[in-house]
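Load the model in your viewer and keep the sequence panel open. The stops below are given in the order of selection.

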Amino acid sequence: MSTLQTGHVGLNVTDLDRSIAFYTRAFGFEVAGRDEGHALLGKDGRLAVALWRQTETAARTDVAGLHHLSFQVDTIDEVRAAEDVLRAMGTRFTYDGIVPHGEGAASGGIFFTDPDGIRLEIYAPSGAESATAPVAGAPTCGFF
């Protein structure tokens, strides 16, 4: 399996319309397909996220399952632009500003949750060298 890579990610959500609005605005996804129970979102003809209306409760972090979903962009300026959009949407952030993936690391990003509490990250592989890690010795992710 030398060409193995992640395809799309399926997420359970409580309100399909609200989640479609969030993911299309926050990430610039387009709706590739939809019915009463699910929606397929992507960009440039590539499926990225499938939203499933299959739950009545928000995401929990104290049970087995998805820890967080991360999206990579090319530059730290794209991370900052995404942060501006998310702030305008009233999104809840885990930390204020860009967080490096470790003290002095070049990579870093922003860490936030969707309307159902699903933890999300947008990061760039470089440009975060001057940012300060909020927790010394923390793992390489902003959800410490």
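This is a predicted model: local features need pLDDT of at least 70, side-chain atom pairs count only at pLDDT 80 or more; totals for chains, interfaces and linings use all residues.

Residues are numbered from 1 along each chain as its sequence is written, and side-chain values use heavy atoms, with hydrogens and water left out.

Select helix H2 (76-88); helices here are DSSP runs of H or I with at least four residues, strands are E runs of at least two, and both are numbered from the N terminus. Colour Ile76, Val79, Ala82, Glu83 and Leu86, which are buried (under 20% relative accessible area with a 1.4 Å probe, protein chains only; exposed is over 50%). Viewed down the axis of H2, the buried residues fall within an arc of 110°, so they line one face of the helix; the arc is taken from the directions from the helix axis to the C-beta atoms. On the other side of H2, Asp77, Asp84 and Ala88 are exposed. Just past H2, glycine 90 has a positive phi of about 80°.

Next, show Phe27, Phe29, Ala48, Phe71 and Gln72, the lining residues nearest the centre of the largest pocket. A pocket is an open set of points on a 1 Å grid over the protein atoms alone, where a 1.4 Å probe fits, with protein on both sides within 12 Å along at least five of seven lines; lining residues have an atom within 4 Å of a point. Helix H2 is among the elements that give two or more residues to this lining.

Finally, select Asn12, Ala59, Arg60, Leu66 and Ile118, nearest the centre of the second largest pocket. Strand E1 (residues 9-13) gives the most to its lining, with three residues.
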